[in-house]
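Visitor: I would like a short tour of this model. Please keep it brisk.

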Amino acid sequence: MKKFKFQLETLLKVTKRKKDDAEMKFAEASRKLEECRAKLQILLRELQEGQEEFAEKTGEGKTVTVGIIMMYNSFFNWKRTQIEQQQDLILKATQDKQQKLKILMKLMTYLKSIEQLKEKRLNEYNAELLFEEQKMLDEIGLQLSMRK
């Protein structure tokens with residue numbers, strides 16, 4: 001009997017490769033999102049430190065000039081702008097990660113269906129092989145019983 005050959009083997013290999021690529025892209029998107037979140041934490045910490053420094057310089061009994069107030073005001077505005085931009089980047093990175101995850105899940109489902117089909121075909125092949133073997137054994141048994 002001929003050897004088992006799955007007709008869609010090439011499709012299976014290509015789909016596995018696409019799934020691996022999608023996993024790498026998803027991992028990259030996840031890493032990028034974590035980097036964006038870490039940068040946001042740094043910006044928030046810098047803003048907090050600036051506010052603490054401003055509070056220290058403008059505490060009771062200390063003289064505050066208009067220049068210091070303007071300098072800190074522009075620093076705070078600049079930091080808030082950076083934080084808003086970073087939050088936008090995080091939002092975009094989250095959307096990108098979700099899109100990559102959706103693609104990955106779709107490919108995994110498709111790959112699983114092809115693998116299930118391959119398993120079904122292999123089981124059919126094994127059942128056919130067993131049937132043929134049983135048929136040959138029956139014929140041999142019949143010939144032996146006819147000779148006696």
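Visitor: Which residues in α2 are buried, and what covers them?

Guide: This is a predicted model, where local features need pLDDT of at least 70, side-chain atom pairs count only at pLDDT 80 or more, and totals for chains, interfaces and linings use all residues. Residues are numbered from 1 along each chain as its sequence is written, and side-chain values use heavy atoms, with hydrogens and water left out. Buried means under 20% relative accessible area, exposed over 50%, partly exposed in between (1.4 Å probe, protein chains only). The buried residues of α2 include Tyr 72, Phe 76, Ile 90, Leu 111 and Tyr 125, and their cover includes α1 (9-57).

Visitor: What span does helix α2 reach from its first C-alpha to its last?

Guide: Helices (H or I, at least four residues) and strands (E, at least two) are DSSP runs, numbered from the N terminus. The expected span is 1.5 Å times one less than the number of residues. With 82 residues (66-147), α2 is expected to span 122 Å, and its reach is close to that: 119 Å.

Visitor: Which parts does the pair of Phe 54 and Tyr 72 tie together?

Guide: Rings of Phe, Tyr and Trp (its six-membered ring) pair if their centres lie within 6.5 Å; planes under 30 degrees apart count as stacked, over 60 as edge-to-face and the rest as tilted. Phe 54 and Tyr 72 are tilted, at 5.1 Å centre to centre and 55 degrees between the planes. Phe 54 lies in α1 and Tyr 72 in α2, so the pair ties together parts 18 residues apart in sequence: helices α1 and α2.

Technical notes
Contact means heavy atoms within 4.5 Å.
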